[in-house]
Amino acid sequence: MPQAPLIATLVAGLGLAFILGTLANRLRLSPLVGYLVAGVLIGPFTPGFVADQALARQLAELGVILLMFGIGLHFSLNDLLSARKIAIPGAIGQMALVTMLGLLVTQAIGWPIGAGVVFGLALSVASTVVVLRALQEMRQLETDGGRIAVGWLVVEDLAMILALVLLPAFAGVLGGNFNGPNLNGNDLFTLFEPQTIWSALGLTLGKLAAFFAIMVVVGRRVIPPILHYVAHTGSRELFRLAVLAIALGVAFGAAELFGVSFALGAFFAGMILAESQLSQRAAQETLPLRDAFAVLFFVSVGMLFNPMILVEQPLLVGVTFLIIVIGNATAASAIALMFGYPSHVALTLGLSLAQIGEFSFILAGLGVDLALLPEAGRDLVLAGAILSILVNPLLFAALDRLTPWLKARERTIATQEGKSKPPELAATSLTDHAVLVGHGRVGSLVAETLQKARQPYLVIEERQVIVEQLRARGVDVIAGNAAQPGLLEAANVASARWLISAIPNPFESGNLIEQAHAINPRLEIIARAHSDAEVDYLKKFGADLIIMGEREIARGISDHILSRIDAPAAPVADQSQNARQVDPKPMAG
């Protein structure tokens, strides 16, 4: 090992991840494949250089913190609460079903019940990093399925925190070593150290409640004002430092004082900050570090993998992989369907949870330390995690191709059952109006413009919380997915002037544009896109105007420069005054 293990680990991990990630991208595979293979190559189970595993895991934890903080910046408390009706019972039910599957497998091979419980539970909790990266890459994070998946992950994290606290207390009952309740000796609650299992559970729930109360009550009054003050100093470096200090500080404090995971603490810090007007700038400032350290997470996972397990226990590896992918996906999708969600939303949720990650490694390691789980069980968990993470991007790619067919099938079934126009969808009386699909960050700005111009408009929105807010303001709104049968008719698209698709998913937009054109060929359709490929895709369905963010930013800058080239120079005083009107203290750098 070199004399500078931190630098050596960073250089080897990031350098090899870049090379193999680029190769994977060239082969039209997810770069995650390259990152995982890079970890295997610098791990202890392959010849050559061996990176420091402890350092790699700590660096990966930074990536998890920053990633969850960034997600929290785009996720409001209302979004989280809106998903609680399915996320809480759904996550608990899915984890229970998959844990039973793991227990059945271990009983078949002769492992004790304690090993089966730990093994099954480790296979039931999805990797937060993998889910969020996949949802972001596929533009699914702001969809109904994406919001449910994030809420589901939060519930799973809470359940795993309880499991990690209570497992040592139950170790003696399950046949392992009894070490008493697993408490953090540095936290504020050491004076109230519990002596029984039930007191340990009560203390854990009390600490979680205290953390949530502090974040909701105190965090809202402390975190946003700090960032606003730093922003007005005009220093970009100080602003970036403040964002990182808040994200890391809250995550570390949550873990040390309240026993909450780093990821969950950072998520709530970001969610509190999301209420500030500076949330978008904070997200941009943390993006480069977030991506770099997220790569190290996948490298660190690869370092834990012993490829020999594939040769020594191929059958058990295959069964473990099937439980993770098929078991989790089937359980989650079935639960979503039972709650009345459409099949494409249920599949999005199911595939999001069809892999395991960081909490599974922690739980398996604790099980081995408590003599509950044999080391072979930990190797199987790691092998299943690697394989499921490798397969997950391929499953999402298949889902993207399958989604239009699923939605068409849902419409056909609804029509055959006489549900082409549900009775609750009362038709609007508006004519010559704009139909705005989606009231998120983009749609809300468009709505403001239409409101100021006194142009009649109607909003189609899936999130019930947003629907209720719009109705309270007197805005015409229809709750539901624009692709569901009868909804465009209820929005009177036949007599509308514009259809504005402000949703981020190009596949949903394409389906929506096709339906709207069939109803009203003269309708002017405006849509948003994130890449040239999405622009071409939406053009095929007949969108009249497609707005891509990067192009519009460049056009705005270019138009401003061109307007100034032939314009007479303004007096110095006037220029200063104009600058102050735009930004009292523009960010340096």
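Colleague: Which residue in β5 is the bridge partner of leucine 499?

Modeller: The model is predicted. Strand β4 (residues 498–501) runs parallel to strand β5 (residues 524–529), and four bridges join them. The partner of leucine 499 in β5 is isoleucine 525.

Colleague: Which are the edge strands of the sheet?

Modeller: The sheet is open and has six strands in parallel pairing, ordered β3-β2-β1-β4-β5-β6. An edge strand pairs on one side only.

Colleague: What does the twist average from one strand to the next?

Modeller: The order of the six strands is β3-β2-β1-β4-β5-β6. From one strand to the next, the twist averages 15°.

Colleague: At about what angle does helix α23 run to β6?

Modeller: Helix α23 covers residues 549–565 and lies across β5 and β6. The angle of α23 to β6 is about 80°.

Colleague: Is the crossing of α14 and α15 left-handed or right-handed?

Modeller: Helix α14 (residues 314–338) packs with helix α15 (residues 343–352) at an angle of about 145°, and their axes are 8 Å apart. Their crossing is right-handed.

Colleague: How many nonpolar residues does the contact of α14 with α15 have?

Modeller: From α14, the contact takes Ala329, Ala332, Ser333, Ala336 and Leu337. From α15 come Ser343, Ala346, Leu347, Leu349 and Gly350. By class, three residues are polar and none is charged. The number of nonpolar residues is seven.

Note on methods: Residues numbered from 1 in each chain as written. Predicted model: local features only at pLDDT ≥ 70, side-chain atom pairs only at ≥ 80, totals over all residues. Heavy atoms only, no water. Axes fitted to C-alpha atoms, helices over the stretch in contact; angles between N-to-C directions. Helix = DSSP H or I, 4+ residues; strand = E, 2+ residues; numbered from the N terminus. Left-handed = near helix turned anticlockwise from the far one by under 90°. Contact = heavy atoms within 4.5 Å. Nonpolar A, V, L, I, M, F, W, Y, C, P; charged D, E, K, R; others polar. Pairing = 2+ DSSP bridges.
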